[in-house]
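Subject: Model handover, pockets and ligand site

Hi,

Here is the model for your review. My notes on what was found follow below it.

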Amino acid sequence: MSEWVKGTVVGKHIWTDGLYSIQVDAPMADFTAGQYTKIALDIGTDRVGRPYSLVNAPQDRPLEVLFNEVPGGPLTPRLSELKIGDPVWVAAQAGGIFTLESVQPADTLWLLATGTAIGVYLSILRTAAPWEHFKRVILVHGVRAAADLVYGETLASIAAQRGPQFSLIPAISRETQAQALHGRITDLLTSGALEERAAARIDPESSHVMLCGNSAMIKDAKQILEARGLVRHRRHAPGHYSAEQYH
Ligand SMILES: Cc1cc2nc3c(=O)[nH]c(=O)nc-3n(C[C@H](O)[C@H](O)[C@H](O)COP(=O)(O)OP(=O)(O)OC[C@H]3O[C@@H](n4cnc5c(N)ncnc54)[C@H](O)[C@@H]3O)c2cc1C
């Protein structure tokens, strides 16, 4: 993933203070939903690149990534200042194995995201695979504040298209909101509130679980899932959950 192609920013959306998505035109190779690319800027004499999950479906262009500005971070304060027409570098090849390839069909696909990790699932949800291989798809988006519940229109259109096969469960940890669960995803898993809201169980017989986001959520969720008998999915040894950690 070290070969770079030239890209141009063709779209930018400011969701809230410090939360952005940008669209980029770049001749990147084909990718599978769930993979990430790298975005880089030349800063001084260095090319500073970081991985970002692709939000657009593999069949759609431009490329799109969602990120939050990490104050003091080498790249994101500069990424957030980009304007339409600005140049960026994009890794020529996508990377990662956080995809539905080789995942066994099951009753329920659980997609658990914290913060910007919602983006990777938007790409997956805009392909045929989840709808063909699972009877239900339950997307859980854990955020601190209601303003971080991004891509509402996209999710509403997926919900309208998929009907009862799709459920979206927002979970807000630092505010209360009528339609959202209150608390962290892992606490809601432990208490049973998540499964109660979804009217579905998480168990090895019926579920595949994807975990994406911060290390605390992933570490705690793995423990909870393994205590219930779910084993980690590997490409050549299919299991019940997969994980991708952003930080
Ligand atoms: C496979 C993979 C995919 C990723 N996809 C995305 C994505 O789609 N969207 C996205 O926003 N980030 C994503 N990241 C994180 C991203 O690559 C950068 O680390 C992040 O954007 C910060 O970049 P930076 O150069 O400003 O700071 P860095 O030097 O990368 O990080 C500075 C500090 O901030 C922490 N940090 C990193 N990311 C975050 C974050 N999102 N929120 C709070 N703290 C953070 C790091 O742990 C570190 O302590 C992904 C990481 C990996 C490994």
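Start with the largest cavity, which is lined by Ile22, Val24, Thr37, Ile39, Leu54, Leu63, Glu64, Val65 and Val90. The elements that give two or more residues to this lining are strand S2 (19-25), strand S3 (36-43) and S5. S5 gives the most, with three residues. By class, the lining has seven nonpolar, one polar and one charged residues. The space inside is about 40 Å³. The structure holds one cavity of 30 Å³ or more.

Before the rest, the ground rules. This is a predicted model, with local features needing pLDDT of at least 70, side-chain atom pairs counted only at pLDDT 80 or more, and totals for chains, interfaces and linings using all residues. Residues are numbered from 1 along each chain as its sequence is written, and side-chain values use heavy atoms, with hydrogens and water left out.

Terms, once each:
- Cavity and pocket: on a 1 Å grid over the protein atoms alone, a cavity is a set of points where a 1.4 Å probe fits but cannot get out; a pocket is an open set with protein on both sides within 12 Å along at least five of seven lines.
- Lining: residues with an atom within 4 Å of a point.
- Volume: the space filled by probe spheres set on the points, which are joined across faces, edges and corners.
- Elements: DSSP runs numbered from the N terminus, helices being H or I with at least four residues and strands E with at least two.
- Classes: Ala, Val, Leu, Ile, Met, Phe, Trp, Tyr, Cys and Pro are nonpolar; Asp, Glu, Lys and Arg are charged; the others, Gly among them, are polar.

S4 provides the largest share, four residues. The lining of the largest pocket splits into 16 nonpolar, 18 polar and eight charged residues. At least three lining residues come from each of domain 1 (4-91) and domain 2 (106-245); the bounds come from an automatic or database domain assignment.

The second largest pocket has a volume of about 260 Å³. Of its 15 lining residues, Ile97, Phe98, Thr99, His233 and Ser242 are the closest to its centre. Its lining divides into three nonpolar, seven polar and five charged residues.

Next, the ligand. It is surrounded by 18 residues, the closest being Pro51, Tyr52, Leu66, Asn68 and Thr76 (a heavy atom within 4 Å). A side-chain N or O atom of Asn68 is 2.8 Å from a ligand nitrogen. A polar side-chain atom of Thr76 lies 2.6 Å from a ligand oxygen. The protein covers 74% of the 880 Å² of accessible area that the ligand has on its own (Shrake-Rupley, 1.4 Å probe).

Last, two backbone points. The peptide bond from Arg61 to Pro62 is cis, with omega near 5°. Pro62 lies in the loop between S4 and S5. Tyr151 has a positive phi, near 60°, and sits in the loop between S8 and helix H4 (152-162). Most residues other than glycine have a negative phi, and most peptide bonds are trans.

Best wishes

Methods
Polar contact = N/O pair within 3.5 Å; in protein donor to acceptor, adjacent residues only side chain to side chain.
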